[in-house]
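Here's a quick briefing to read with the model open beside you.

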Amino acid sequence: MNTPFSSTPAESDRSCPDAPSGNGRSGDASSPPSTALAILLIDDNPRIAESLAIAIDLAGHRLDMAQGPEDGFSLLAARRYDAILLDLNYAAGRTDGAEGLAMLERLLADDPGACIIVITAHSGIRLAVTAMQAGARDFVMKPWRNAELIAKIELAARRRAAPRDHVMTEGTAEPARLLGDSSAIARVRDLIRRVGPTMAGVVVTGPSGAGRGLIAAALHAASHAAGRPMQRIDVRDPLAWARLDGAEGGTSWLLRHPDRLDDVTQARLLDRLRSGDRHIAIADDPRAITPALARQIAAVEIAAPSLAERQDDVPLLARHFARIAAERHGLPAPRFTPAAEALLATAHWPDEARGLAAAIERALLLGEQGVIEAALLAPPVAHNAAPAPASTSSRASFDLDESERVMIEAALVEHHHNVTQAAQALGLSRGALYRRMARHGL
């Protein structure tokens, strides 16, 4: 399952079992198709989607459809596509192409080798030219002939990308995509674009579960070494150090928890690191890394923002996690009730995006008829909550109280203020719910 920003809450490798073998970008441009292409259409016009689906299916390729930028980024965070068909306008009445051009810029920033073909109206030739100058591989104008469109897609997907500063090569893993539009995640993306192509050592900090591993993967995907897999080791395991000696030069390394080593062990680790390699570290406390080791692995710090810092991204992430979980379990994409959406925007999620993803998956499995209700998004409120320890901070107590209040309020809205039904959904008696409602002023 993909996290925080993209794609997956767990800081782990991602795989794409249902994508076609190879990346579909190699070989002679004039050669006939040898494998089916995976194509993504990002267009909010259902008639265009239906027409393209038939034409692409008859050509032996696979088409996934996204109704807009949010759906498009969610799908791209989960699998690789050989070609992307990108409409340039989405909002009603818009014809300036600003939305599509902004998405084009972000897609190419995440993956400079992406094969993007823009779709525009016959009157939009200037937009098409602007898109080509920005890095689109080709363009099609409405209306089109299906045979010509398929030929353009196949040609563009199999043509090697024009040389760029750090174009990814054959066999490259899917670029890590950081989902969200908040200023906090935009700053992270900007740092990755600036630092990724360099050889600088980077330490990724922030709360566990907030997507530190995904940020590391995005740094690697933006680097010159993106054509080879990044090697991951937990430096707390002495047996893992042997791998540092066996890899070829120019390797990217993800070093987990160097801050938990004592000074002597950090000095030994520094002696094992090769100057020609790229080192990215994940650490809880970068101040615990010695200055000598920090020069090699922590020249720049990138902090993964917590969900509290990017609250506006939570509904988007929730929809992404719901779609991923539904695909995994063979279920239809779920729908969030209004109360559930209200809860997503205000609740505190332990374990950050990873915890949000787990809560969404649990709610999907426990829900009925493809509906995720607010009461399913968190375990039932305890009947007899133990008093908080004296050492608990006032901030933590406030968060717990606020989460309980939001859950109760959401359950009441969900059940049209029927206290009996809301109490059952929360696992409380009517009396217990009334007492909590009085305490929270509900």
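A word on angle terms before we start: angles under 35 degrees count as roughly parallel, over 145 as roughly antiparallel, 65 to 115 as roughly perpendicular and the rest as oblique. What you're looking at is a predicted model, where local features need pLDDT of at least 70 and side-chain atom pairs count only at pLDDT 80 or more, while totals for chains, interfaces and linings use all residues. Residues are numbered from 1 along each chain as its sequence is written, and side-chain values use heavy atoms, with hydrogens and water left out.

**The chain overall**

- The chain has 16 helices and 12 strands; these are DSSP runs numbered from the N terminus, with helices being H or I of at least four residues and strands being E of at least two.
- Of its 442 residues, 50% count as buried (buried is under 20% relative accessible area, exposed is over 50%, and partly exposed is in between, using a 1.4 Å probe and protein chains only).
- Take the contacts between residues at least 6 apart in sequence: 70% of them join residues at least 24 apart (a contact means heavy atoms within 4.5 Å).

**How the helices pack**

- Two packed helices are described by the angle between their axes and the distance between the axes.
- Axes here are lines fitted to C-alpha atoms, for helices over the stretch in contact, and angles run from 0 to 180 degrees between N-to-C directions.
- Helix α1 (residues 46-58) packs against α5 at an angle of about 70°, with the axes 10 Å apart, and the two are therefore roughly perpendicular to each other.
- The crossing of α1 and α5 is right-handed (right-handed if the near helix is turned clockwise from the far one by less than a right angle, left-handed if anticlockwise).
- On the α1 side the contact uses S51, L52, A55 and I56, and on the α5 side N146, L149, I150 and I153.
- Sorted by class, that α1 and α5 contact has 6 nonpolar, 2 polar and no charged residues (Ala, Val, Leu, Ile, Met, Phe, Trp, Tyr, Cys and Pro count as nonpolar, Asp, Glu, Lys and Arg as charged, and the others, Gly among them, as polar).
- Helix α3 (residues 98-110) and helix α4 (residues 125-134) have axes that come within 10 Å and cross at roughly 15°, which makes α3 roughly parallel to α4.
- α3 and α4 also cross in a right-handed way.
- L101, L104 and L108 of α3 meet L127, T130, A131 and A134 of α4, a set that divides into 6 nonpolar, 1 polar and no charged.

**The five-stranded sheet**

- Five strands make an open sheet in the order β2-β1-β3-β4-β5, with parallel pairing (two strands pair if DSSP finds at least two bridges between them).
- β2 (62-66) and β5 (138-142) sit at the edges with a single partner strand each, so one side of each has no neighbour in the sheet.
- From one strand to the next, the twist averages 20°.
- β3 and β4 pair in parallel over 4 bridges, and I84 has I116 in β4 as its bridge partner.
- Strand β4 (residues 116-121) pairs with β5 in the parallel sense over 5 bridges, with T120 partnered by M141 of β5.
- 5 of the 6 residues of β4 are buried, so the strand is largely enclosed by the rest of the structure.
- Helix α2 (residues 69-76) lies across β1 (38-42), β2 and β3 (83-87), at about 160° to β1.
- Helix α5 (residues 146-158) lies across β1, β3, β4 and β5, at about 165° to β5.

**Strand β6 and its partners**

- Strand β6 (residues 202-205) is covered on both faces: V202 and V204 on one side, and V203 and T205 on the other, are all buried.
- β6 pairs in parallel with strand β9 (residues 278-282) over 3 bridges, and V202 has I280 of β9 as its bridge partner.
- β6 also runs parallel to strand β10 (residues 300-303), joined by 4 bridges, with V204 opposite I302 of β10.

- The peptide bond from K142 to P143 is cis, with omega near -10°, and P143 lies in the loop between β5 and α5.
- H257, in the loop between β8 (252-256) and α9 (263-272), is a residue other than glycine with a positive phi, near 65°.
- H257 is buried, at 6% relative accessible area.
- Q369 has a positive phi of about 55° although it isn't a glycine, and it lies in the loop between α13 (352-366) and β12 (371-372).
- At 79% relative accessibility, Q369 counts as exposed.
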